[in-house]
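Let's take a walk through this structure, one stretch at a time. Have a look at it first, and then read on.

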Amino acid sequence: MNLQHLFNDCGLNVQHYDQVHGGDINKAYCLFTSTGKYFLKVNDKNKYPLLFEREAKGLDKLREHCTLIIPGVIKHGSCDDQQYLLLEWLEKGVPKKAMWEKFGQGLALIHKQPQEYFGLNEDNYIGSLNQNNDRYSEWHSFYAECRIKPLVKKLFDVGDFSATDIHDADLFCNNSRTFLPSEPPSFLHGDLWGGNYMIISPGYAAIFDPAVYCGHREMDIGMTKLFGGFDHRFYEAYNEAYPLEKGWEKRLPITQLYPLLVHAVLFGGHYISNVRDILKQFV
């Protein structure tokens with residue numbers, strides 16, 4: 001990979017750069033230039049077609065829907081056999097006293113804005129997996145057809161799932177109409193776990209790395225709870241701004257099934273058992 005070609009394509013005079021670690025699939029760099037610092041993500045354009053184009057659109061759509069801090073998209077494109085996404089650099093900071101409250105209120109504001117359907121106008125990615133966003137008028141149909149069944153099939157095709165697991169997943173999908181309260185579609189971040197937000201220099205949370213679509217808002221809530229959860233002040237502020245239906249905490253396994261399926265496909269191991277355990281609850 002010729003980074004200098006990428007820098008030239010970005011139109012930047014890069015004085016020096018540091019590699020940024022922490023991502024699963026992309027190489028990332030902090031670029032130091034005469035006009036300031038930038039964040040550059042790089043990946044194979046043939047392995048993950050349109051990955052960064054879709055991510056750029058997701059960031060722009062998030063910005064349209066919320067008051068939370070979203071890194072600005074400077075440019076995306078391809079050079080040689082690589083694709084790249086150039087973003088505004090966000091400097092880490094110390095949280096202000098009301099950080100969690102503003103974070104919870106900000107997510108509630110995104111979710112409160114009415115959407116026309118479940119899905120999106122195009123497919124995108126969650127991690128390195130294609131995310132099907134066909135439009136549906138009912139949440140349970142969208143969740144079954146676009147989220148659960150495609151990943152269950154992937155696990156079966158590689159031998160990680162048995163015929164019994166397929167049967168359990170079919171039962172889950174067939175019964176899913178009653179699992180979540182009926183609500184209008186909400187615009188979702190789609191991958192809102194602890195690694196996809198950062199407290200930046202003004203003292204408030206910025207969110208990034210989205211996998212946007214219009215879905216049931218408890219999907220974002222379930223994701224925030226999946227790997228340790230956010231501070232209780234986040235949920236209290238969210239519920240004050242846009243109260244969740246009673247019993248939302250008991251429904252967390254339903255909404256967490258999809259991200260756990262994603263992890264089962266990508267990483268295997270105990271995530272496969274996690275998925276089985278959730279499906280068995282609904283057989």
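Helices (H or I, at least four residues) and strands (E, at least two) are DSSP runs, numbered from the N terminus. What you're looking at is a predicted model, in which local features need pLDDT of at least 70 and side-chain atom pairs count only at pLDDT 80 or more, while totals for chains, interfaces and linings use all residues. Residues are numbered from 1 along each chain as its sequence is written, and side-chain values use heavy atoms, leaving out hydrogens and water.

**Some loop residues**

Back to Asp-209: its phi is positive, about 50°, although it is not a glycine. Is Asp-209 buried, partly exposed or exposed? Buried means under 20% relative accessible area, exposed over 50%, and partly exposed in between (1.4 Å probe, protein chains only). Asp-209 comes out as partly exposed, with a relative accessible area of 28%.

Leu-50 also shows a positive phi without being a glycine, near 65°. You'll find Leu-50 in the loop between strand E3 (36-44) and H2, and Lys-47 lies in the loop between E3 and H2 too. Here's how several loop residues score on accessibility:

| Residue | Relative accessible area | Class |
|---|---|---|
| Pro-185 | 10% | buried |
| Asp-209 | 28% | partly exposed |
| Leu-50 | 39% | partly exposed |
| Lys-47 | 58% | exposed |
| Thr-35 | 58% | exposed |

Lys-47 and Asp-81 are 34 residues apart in sequence, and their C-alpha atoms are 9.8 Å apart in space. Thr-35 sits in the loop between strand E2 (27-33) and E3. From Thr-35 to His-263 there are 228 residues along the sequence and 39 Å in space, C-alpha to C-alpha.

Pro-185 belongs to the loop between H5 and strand E8 (186-188). What does Pro-185 touch, leaving aside its neighbours within four places in sequence? Contact means heavy atoms within 4.5 Å, and the partners of Pro-185 are Gln-113, Pro-114, Gln-115, Glu-116, Tyr-117, Phe-118, Cys-214 and Gly-215. Ile-70 lies 115 residues from Pro-185 along the chain, and the two C-alpha atoms are separated by 22 Å.

**Helix H6 and its surroundings**

Eight of the nine residues of H6 are buried, so this helix is largely enclosed by the rest of the structure. The buried ones are Glu-218, Met-219, Asp-220, Ile-221, Gly-222, Met-223, Thr-224 and Leu-226. They pack against helix H3 (99-112), helix H4 (139-157), E8, E11, H7 and H8. Just after H6, Gly-228 takes a positive phi of about 100°.

How do H6 and H7 pack? Axes are lines fitted to C-alpha atoms, for helices over the stretch in contact, and angles run from 0 to 180 degrees between N-to-C directions. Helix H6 (residues 218-226) meets helix H7 (residues 232-241) at an angle of about 170°, and their axes are 12 Å apart. That makes the two roughly antiparallel (angles under 35 degrees count as roughly parallel, over 145 as roughly antiparallel, 65 to 115 as roughly perpendicular and the rest as oblique). On the H6 side are Ile-221, Thr-224 and Lys-225, which meet Phe-234, Tyr-235 and Tyr-238 in H7. By class, this contact has four nonpolar residues, one polar and one charged. Here Ala, Val, Leu, Ile, Met, Phe, Trp, Tyr, Cys and Pro count as nonpolar, Asp, Glu, Lys and Arg as charged, and the others, Gly among them, as polar.

With H8, the angle of H6 is about 75° and the axes are 8 Å apart. That makes H6 roughly perpendicular to H8. Residues of H6 in this contact include Met-219 and Met-223, and those of H8 include Tyr-258 and Pro-259. The contact of H6 with H8 divides into eight nonpolar, three polar and two charged residues.

**Helix H9**

Buried in H9 are Tyr-271, Ile-272, Val-275, Ile-278 and Leu-279. They cover an arc of only 125° around the axis, which puts them on the same side of H9; the arc is that of the directions from the helix axis to the C-beta atoms. Among the elements covering them are helix H5 (163-175) and helix H8 (252-267).
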